[in-house]
Amino acid sequence: MGRERDRPGDLADEPRESKRGEKFQQRRQEREKWLRSGAAGFPGGDSEKRRSAEGDSEPPRKAQKAEDGGPLRLGSTLKPFQAADETVAEVPWVSTGLRVRIVDVDGTHQSSHLKKGYVQKVNADTLCADVAVDGGGPLLRAVSQRYLETVVSKGCTRVEVVRGPNKGVVAQVVQRDPKQNLIVLSVKASQVKG
């Protein structure tokens with residue numbers, strides 16, 4: 001008698017119509033049809049209305065294409081995980097007395113490619129440095145910091161932090177991992193900035 005209480009008299013025996021109505025049933029049927037088809041977007045949603053107004057049957061895809069027209073895989077040699085140079089502001093990291101390696105394959109300083117030296121002078125405005133090459137080599141003038149990389153020799157026990165919140169701090173080398181190009185440092189609490 002639980003259900004019959006809800007509906008008085010003669011109505012108790014008649015089949016009950018859904019409260020949701022005919023429009024709900026239509027939307028449910030469209031949704032089930034869409035789910036079976038595997039299409040993108042939600043039927044009757046905003047994206048579908050925009051596409052039908054624009055006359056497009058499918059939204060534009062943002063996938064990048066490789067030279068052969070196929071998909072471009074991230075991490076490939078064609079598109080490594082790097083931001084475009086023009087979107088990233090360069091931060092000066094070179095400092096006087098820093099040991100560096102020159103990595104200029106085909107530029108002005110290609111004769112000193114992979115040679116090591118010490119930074120003699122830094123121009124922070126142009127992000128360039130004058131580098132004295134080891135072994136009595138020439139003094140290279142106005143070498144861009146993009147053609148320099150830091151060097152930590154095997155016997156090195158102290159290094160200068162060149163980036164991050166502790167930039168300029170001289171720290172002790174605790175451990176080296178040359179395969180991963182990493183070192184573990186120990187910094188005195190009095191030297192830590194912030």
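The dialogue below goes through a predicted model and the terms used to describe it.

Trainee: What should I know about the model before reading values from it?
Mentor: This is a predicted model, in which local features need pLDDT of at least 70 and side-chain atom pairs count only at pLDDT 80 or more, while totals for chains, interfaces and linings use all residues. Residues are numbered from 1 along each chain as its sequence is written, and side-chain values use heavy atoms, with hydrogens and water left out.

Trainee: What makes up the secondary structure of the protein?
Mentor: The protein has 3 helices and 8 strands, in the order α-α-α-β-β-β-β-β-β-β-β along the sequence. Helices (H or I, at least four residues) and strands (E, at least two) are DSSP runs, numbered from the N terminus.

Trainee: Why are S7 and S8 called paired?
Mentor: Two strands pair if DSSP finds at least two bridges between them. Strand S7 (residues 170-177) and strand S8 (residues 182-186) are joined by 5 bridges, so they count as paired, and they run antiparallel. Asp-177 has Leu-182 as its bridge partner in S8. The two strands form a hairpin with 4 residues between them, and Asn-181 in the turn has a positive phi of about 60°.

Trainee: Why is Gln-172 called partly exposed?
Mentor: Buried means under 20% relative accessible area, exposed over 50%, and partly exposed in between (1.4 Å probe, protein chains only). Gln-172 has a relative accessible area of 40%, so it is partly exposed. This residue is found in strand S7.

Trainee: What does Gln-172 touch?
Mentor: Not counting residues up to four places away in sequence, Gln-172 touches Thr-157, Arg-158, Val-184, Leu-185 and Ser-186. Contact means heavy atoms within 4.5 Å. Gln-172 and Lys-188 are 16 residues apart in sequence, with their C-alpha atoms 8.9 Å apart in space.

Trainee: How do you know whether Leu-98 is buried or exposed?
Mentor: The relative accessible area of Leu-98 is 10%, which is under 20%, so this residue is buried. Leu-98 lies in the loop between helix H3 (46-54) and S1. Leaving aside neighbours within four places in sequence, its contacts are Trp-93, Gly-117, Tyr-118, Val-119, Thr-150, Glu-160 and Val-162. One of these, Thr-150, is 52 residues away in sequence and 7.6 Å away in space, C-alpha to C-alpha.

Trainee: Which class does Ser-144 fall in, buried or exposed?
Mentor: Ser-144 has a relative accessible area of 18%, so the cut-off of under 20% makes it buried. It is found in strand S4 (residues 139-144), and it touches Leu-127 and Cys-128, not counting residues up to four places away in sequence.

Trainee: What makes the phi of Leu-127 worth a remark?
Mentor: Most residues other than glycine have a negative phi. Leu-127 is not a glycine, yet it has a positive phi of about 55°. It is placed in the loop between S2 and strand S3 (128-133), and with a relative accessible area of 16% it is buried. Leu-114, in the loop between S1 and strand S2 (116-123), is not a glycine either and has a positive phi of about 70°.

Trainee: What makes a space a cavity, and how many are found?
Mentor: On a 1 Å grid over the protein atoms alone, a cavity is a set of points where a 1.4 Å probe fits but cannot get out; a pocket is an open set with protein on both sides within 12 Å along at least five of seven lines, and lining residues have an atom within 4 Å of a point. The search of the whole structure finds 1 cavity of 30 Å³ or more. The largest cavity has a volume of about 30 Å³, and its lining includes Trp-93, Leu-127 and Cys-128.

Trainee: What is known of the largest pocket?
Mentor: Its volume is about 760 Å³. Of its 24 lining residues, Thr-150, Val-151, Val-152, Val-159 and Ile-183 are the closest to its centre. Strand S1 (99-102), strand S5 (148-150), strand S6 (158-160), S7 and S8 each supply at least two residues of the lining.

Trainee: How many residues of each class line the largest pocket?
Mentor: There are 12 nonpolar, 4 polar and 8 charged residues. Ala, Val, Leu, Ile, Met, Phe, Trp, Tyr, Cys and Pro count as nonpolar, Asp, Glu, Lys and Arg as charged, and the others, Gly among them, as polar.

Notes: Points joined across faces, edges and corners; volume = space filled by probe spheres on them.
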